Amino acid sequence: MNEKNSLLAEYEGVVSGHRDGHGFVVRDDGQPDIYLPSNEMRAVLHKDRVKARIVRLDRKGRPEGRVTEIVERSDSPIIGRLLQESGVWLVAPEDKRYGQDVLIPKGATGSAKPGQVVVVQLTEPPALYGQPVGRVKEVLGEIDDPGMEIEIAVRKYGVPHEFSDAAMAQARALPDHVRAADHKGRVDLRDVPLVTIDGEDARDFDDAVYCEPAKVGKGKGWRLLVAIADVSNYVQTGSAIDVDAYDRATSVYFPRRVIPMLPEKLSNGLCSLNPGVERLCMVCDMLVNAKGEVHAYQFYPAVMFSHARFTYTEVAAILQNTRGPEASQRKALVPYLLNLHDVYRALLAARGERGAVDFETTETQIVCDESGRIEKIIPRTRNDAHKVIEEAMLAANVCSADFISEGKHTGLFRVHEGPTPEKQEILRNYLKAMGVSQTIGDNPKPADFQKIAAATKDRPESQQIHTMLLRSMQQAIYTPVNSGHFGLAFEAYTHFTSPIRRYPDLLVHRVIKAILARKRYELPALPTPGEAHAKLSKRLASRAKPLAVGEVAKKPSLDTMAWQAAGLHCSANERRADEASRDVEAWLKCKYMREHLGEEFSGVVSSVTSFGLFVTLDAMYVEGLVHITELGGEYFRFDEARQELRGERTGIRYALGTRVQVQVSRVDLDGRRIDFRLVSGDDDLVLRAMRDKTGQAAPAEGVAGAGRGGKAHRGRASEGAVVAGRQDRAPRAPVAEAKTAVKKAASKKSDRGAARSTANQPRKSRR
């Protein structure tokens, strides 16, 4: 479509508001979003469905539009604080993407008091010259009440948090324990010393493991049992509990609280593999050879008895010292833990042979006090015990995918495709700019990524390079069309091991049981997909590969279409759960950092954009933004290939992995935003400026940026001089004079530089 036609056409999509007052129309056809200036946002709200016409293109070719029709108003409730200003009641939305306050008539406030957090239902939409009007539907409480951030998040993201009366009635009718009649048709594994290994704070136990040496073929190997809670025995297809579980699709984990997929009687009781009690399970029974290859496997329903509840910390201590106090307390079970460690090492070797991508990343854990306030944020260290369980679960998941494929039954696979062509090109340019000799081809393999990671692990910029490798990957999804798992380097992979907390795993169990019984599993009539499902569906459709010349698209069967809808629903709700969890963590971190306003911390640049730097603090594991206007009175260019900002006057560079010193300058709790100010040493800046003018390269500590006390990375010869200054050999001036000269020059350019820095921001600066 040419430019003239594109300016005449109308496009339908959903409004996405921005905290700064403007917005975007996220187009249904997957094409670039249409920018809406603030005056166009007066009559619409975040999440409204509209038609828009492109009225102009900006200098970068990005479309700017005008709303021509409001197709459908969003019925999502708005959460905010009730305020009274000059006798007028209004609610200030907590989600700043809603750019307008909601007027509340006097009789529509209910029992709410000023300052309280409330849920509002709109009664009148906004108009060009009128604010939206609503009524208070629910009072959540005071803003500082413990757990308020979770109450807000579940409503903000539409997370189902109350089970239906029918589901609770069904749960109450279930037995409290496994009955003798339940043993029928099951393998009795009660004498096998299966154990669970989980975190200290785990409350539900999906999986138990056992391992013993075994002869595999003509060589040595192991028999590995992975027993998974048999949720499908209690949650029947289409039942009230099943409908609620599908609606949730996943458990949602917050600090100090979990919103489970199943009622507590199942998730923490009847289905949880608690120690010392009988439980029903589905077992993946595998023979693993010395090379870490699964030689044979079988699935069967069983009844088990967990012989112990281990923690990762405890198992790691036992594996490290089999004569220590932890081992002496679990003497009878230590040999089985050692067997598990042996099979893990074989499976790990096989992972390396496959070339699976394996980057070490730092996960954090928020530790709260009784009132829900953050006490500290600590790194969650992965030890050998974590990895033992991870490899055992991976093996069982692969066997599940193979079993479904061999059984020629439709099911859900966990698919992770390779990088898109666009991301491949960005990564190639980045690796070239960084002087990395290894690169990826047009059809990259996981091993290519692993080789790059291994080759660069000792470089100062290794963290930066590994971050870019990770960011080039796509997100995994659930789909009945198997195209393998790129990151794990598996031809077929699914999720079998967590049916208590993931609905796709429950579906996989049902399919496996159907294949064992030589039947077909039929999906029930599923509820209408939600907004998140629709968004993901459109995003995936825009990524679809174009058909070759003469190729005709194959229409999927009704069965496949039903499974595709289920997969999209589960994938979308997985993302919804992640967003809600991140929102709560961001709230808690903002409250935490309010106590540290004005304090200085060291950190590392974790992301670079055209509008500034995101910095993660070393000691706090909290991320904040250093806006480009805080980087000094000069013009910074964003180099997408190198993922860095570079000052034109001084040549100072800020890239992924750059160490900096920052001060906490502002905390916006409502916007979930923490702002930092860069703390730079004037002497360092002057020396850089002087070296720039004299044409001399800056020392190693000047490479990474102006962070006071910050450790920097040494530039490479192939990148040229560290400070890209003029090569005119000006006579060296005394430092004091140079300092004065630089300050004068900076003062003249500060206003212009700040304005140019601001103008350099893209309008679509979504965080």
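The questions and answers below cover strands, helices and a cavity in a predicted model.

In this predicted model, local features need pLDDT of at least 70 and side-chain atom pairs count only at pLDDT 80 or more, while totals for chains, interfaces and linings use all residues. Residues are numbered from 1 along each chain as its sequence is written, and side-chain values use heavy atoms, with hydrogens and water left out.

Student: In what order do the three strands of the open sheet stand?
Tutor: Strands are DSSP runs (E, at least two residues; helices are H or I, at least four), numbered from the N terminus. Two strands pair if DSSP finds at least two bridges between them. The pairing here is antiparallel, and the order is E27-E28-E29.

Student: Why is one side of E27 and of E29 left without a neighbour in the sheet?
Tutor: Strand E27 covers 636-639 and strand E29 covers 653-655. Both stand at the edges, so one side of each is open because each has a single partner strand.

Student: By how many degrees are neighbouring strands of this sheet turned against each other on average?
Tutor: Axes are lines fitted to C-alpha atoms, for helices over the stretch in contact; angles run from 0 to 180 degrees between N-to-C directions. For this sheet, direction is ignored. The average is 20 degrees.

Student: Which residue in E28 is the bridge partner of Arg637?
Tutor: E27 pairs with strand E28 (residues 644-647) in the antiparallel sense, over four bridges. Their hairpin has four residues between the strands, and Gln643 takes a positive phi near 55 degrees there. The partner of Arg637 is Arg646.

Student: Which residue in the turn between E28 and E29 has a positive phi?
Tutor: E28 and E29 run antiparallel, joined by three bridges. Glu644 stands opposite Ala655 in E29. The hairpin has five residues between the strands, and the positive phi, about 80 degrees, belongs to Gly651.

Student: Which residue in E7 stands opposite Leu83?
Tutor: Strand E6 (residues 78-85) pairs with strand E9 (residues 117-124) over four antiparallel bridges. E6 also pairs antiparallel with strand E7 (residues 88-93), over six bridges. The E6 and E7 hairpin has two residues between the strands, with Ser86 at a positive phi near 55 degrees. Opposite Leu83 stands Leu90.

Student: Are H8 and H9 roughly parallel or roughly perpendicular?
Tutor: Helix H8 (residues 334-354) and helix H9 (residues 384-406) have axes that come within 9 Å and cross at roughly 65 degrees. Angles under 35 degrees count as roughly parallel, over 145 as roughly antiparallel, 65 to 115 as roughly perpendicular and the rest as oblique. H8 and H9 are therefore roughly perpendicular.

Student: What is the handedness of the crossing of H9 and H13?
Tutor: The axes of H9 and helix H13 (residues 503-516) come within 10 Å and cross at roughly 50 degrees. That makes H9 oblique to H13. A crossing is left-handed if the near helix is turned anticlockwise from the far one by less than a right angle, and right-handed if clockwise. The crossing of H9 and H13 is left-handed.

Student: How many charged residues are in the lining of the second largest cavity?
Tutor: A cavity is a set of points on a 1 Å grid over the protein atoms alone where a 1.4 Å probe fits but cannot get out; lining residues have an atom within 4 Å of a point. The lining includes Lys47, Glu94, Asp95 and Lys156. Asp, Glu, Lys and Arg count as charged, Ala, Val, Leu, Ile, Met, Phe, Trp, Tyr, Cys and Pro as nonpolar, and the others, Gly among them, as polar. With four nonpolar and one polar residue besides, the charged count is four.

Terms used:
On a 1 Å grid over the protein atoms alone, a cavity is a set of points where a 1.4 Å probe fits but cannot get out, and a pocket is an open set with protein on both sides within 12 Å along at least five of seven lines; lining residues have an atom within 4 Å of a point.
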